[in-house]
Amino acid sequence: MLTIVAKEALLKGLHAALCSITLLLLSLNIPLAIYLLAIVFAVYFIYSLSFSSPWPARLIAICTCIYAVLLCGYLLAQWPITLTAIALFPIYFGLMYTLSDDSNITQLNDSEQEKGNLGSDLGLPDRASLRQSYETQRKLDPGPAILVVIFLEGVEQINRQLGREFGDNLLSESANRIKQQLHSNDIFPIPNGNSVSRLAHLGGLHFAFVCRLARYEHLHEQLIDDILQCTLQPFFVGSCTLEISARASYVHCDEELGQFDSLIACAYLALDKMPGSSICAYQQSMQISQIDQQMRLRELADIAINEAFEVYFQPAFNHPSGEIAYLELLLRWPHPKHGLLNADQFIDDVRLAGLAMSVAHFVIERAAEIAMALKMEDIQVPLTVNVFGPEMFRDGFLDFMEHVLLEHYLQAGEIYLEYPSALLEHMDKKSQSRIEELRQLGVDVGIDKFGEYPITFNRLANLQIDYIKLSPILTQLPQPQGCDKVLIDMIAMQQLRGVKVICKGVESEQQLVLAKKLNCDAIQGHHLASPMNTKNLMSWLHQWHLQRNR
């Protein structure tokens, strides 16, 4: 192999030789040779500027050799010096092909090494090395084994806030801590240069190892617990003390016929399907769920929203008067195979399919139509819509709401909108201003599933909303000792601020007693009234008013 300097010197010399040959042919005044040489020049320069793969180099080299043979035959009776000069052509382009091919192979090898050896900076073997080790060890010992994938959380945020240098150092220290926990001989060894590792870097923030279970059936659980505990301890990077966390998923190596890449995909799937869990065990139902979701996405791609979806209504009742506080609009999908689906079962698919705003507009327009129909029946009941999340804060939503209210002659307090409590963590000033603008239009705004996600006391005391709906998990029985007192104080604080508190998900008489004890403003649940479609709603409302007026 030639050195880089030798290659550059050779290329310069060959270019000079090609220029000399050109001048020689021009001086001989041979039209055909000049014409053919012009074609070769054009092809060569296009090649040298554009192509980088080996097969164009081979094609051009072959064409050049054929051209040289033909030109030599044509000039055979001509001047011997010319024939000698022409002989340089196959040599020149052959060397060019060789150099280019070597360069391409080197580039391809470097690219493969960069893609597959992402863990080299951490001193860890890569995914390909883990695959090779896995296949070798499984042939030697096909007994029970577990593939474990570790995902580090919090490193990306440190990259954004403190810089990639801090993130890289943190990633390196995290990898070292994980390696220190993997000292068991039941973990598959992975060749790593002149040494052996038991941990592989899959790329990014994912690491993996494989352990046998022949001697210790729950070895993977102990290892995962040790890894999660060690990553929770603070890291000292530079002059900063940083904290991150880790999540782990595992899959039995007997799954997916023991195919390594399929096992890795299953471990990733478990992490995705259980975002709130620190330890995620893969189950075949996850694969089925993913296939079902893919089918739903294909169905949603061609769906007609006005025809496919239906709206149901569930009333809530004021406490203690018993009057109807509002009707909650619930989105339903009468699926031809899976039956009537709740919004929680497909709303994420709707967002993935890019239909979130279209569905939001459909639901609000249906709510406005029903509200106007109720007014014509002389029934004064507000409607609340709860399928929303980030859609409420998008550009254009405020204008849409203003248009709907004017078109259906709706007054202040006749339409409620609510967003899930999960959005509180990401609420910025712009979102808060959007909420205030909606309230100025006369739309009451509330928070659904309050209590499912943590919230600071400062934010709790400064919520700019009209009502909150307690999550059913807060009223599940039996309750921890003293929990009811905490809820009573929290509810009283919100009521003092003019915020109504609604107890949602009351499914039994015991929960109804608890809701009344908490002194909530309104109560909602199947124990009081089940969701109804539009036709059944109107008849139910008339019957309910008749019974109340007796």
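Predicted model: local features only at pLDDT ≥ 70, side-chain atom pairs only at ≥ 80, totals over all residues.
Local features are described only where pLDDT is at least 70, side-chain atom pairs count only at pLDDT 80 or more, and totals for chains, interfaces and linings use all residues. Residues are numbered from 1 along each chain as its sequence is written, and side-chain values use heavy atoms, with hydrogens and water left out.

A pocket here is an open set of points on a 1 Å grid over the protein atoms alone, where a 1.4 Å probe fits and protein lies on both sides within 12 Å along at least five of seven lines. The lining (residues with an atom within 4 Å of a point) has 43 residues, and A343, D344, I347, D348 and K449 are the closest to the pocket centre. Two or more lining residues come from each of α10 (260–273), α11 (284–301), β11 (324–335), α13 (343–352) and β15 (444–450). Helices (H or I, at least four residues) and strands (E, at least two) are DSSP runs numbered from the N terminus. Helix α13 gives the most to the lining, with 7 residues. At least three lining residues come from each of domain 2 (127–282) and domain 3 (305–549), with bounds taken from an automatic or database domain assignment.

By type, the lining residues of this pocket are 16 nonpolar, 12 polar and 15 charged. In this count Ala, Val, Leu, Ile, Met, Phe, Trp, Tyr, Cys and Pro are nonpolar, Asp, Glu, Lys and Arg are charged, and the others, Gly among them, are polar.

Side chains of opposite charge can pair when their charged atoms come close. R212 is buried, with a relative accessible area of 14%, whereas D141 is partly exposed at 28%. Buried means under 20% relative accessible area, exposed over 50%, and partly exposed in between, with a 1.4 Å probe and protein chains only.

Another salt bridge, at 2.6 Å from N to O, joins D349 and R296. This pair also links distant parts of the chain, with D349 in helix α13 and R296 in helix α11, 53 residues apart. Both D349 and R296 are buried.

E369 and R366 meet in a salt bridge at 2.9 Å, N to O. Both lie in helix α14 (residues 356–376), 3 residues apart, about one turn of the helix. E369 is partly exposed at 36% relative accessible area, and R366 is partly exposed at 22%.

R247 is in strand β8 (residues 245–252) and is buried, at 7% relative accessible area. Its side chain reaches the backbone oxygen of L271 at 2.9 Å, and a polar atom of the R247 side chain lies 2.5 Å from the backbone oxygen of M274.

Definitions and conventions. Salt bridge = Lys/Arg side-chain N within 4 Å of Asp/Glu carboxyl O. Polar contact = N/O pair within 3.5 Å; in protein donor to acceptor, adjacent residues only side chain to side chain.
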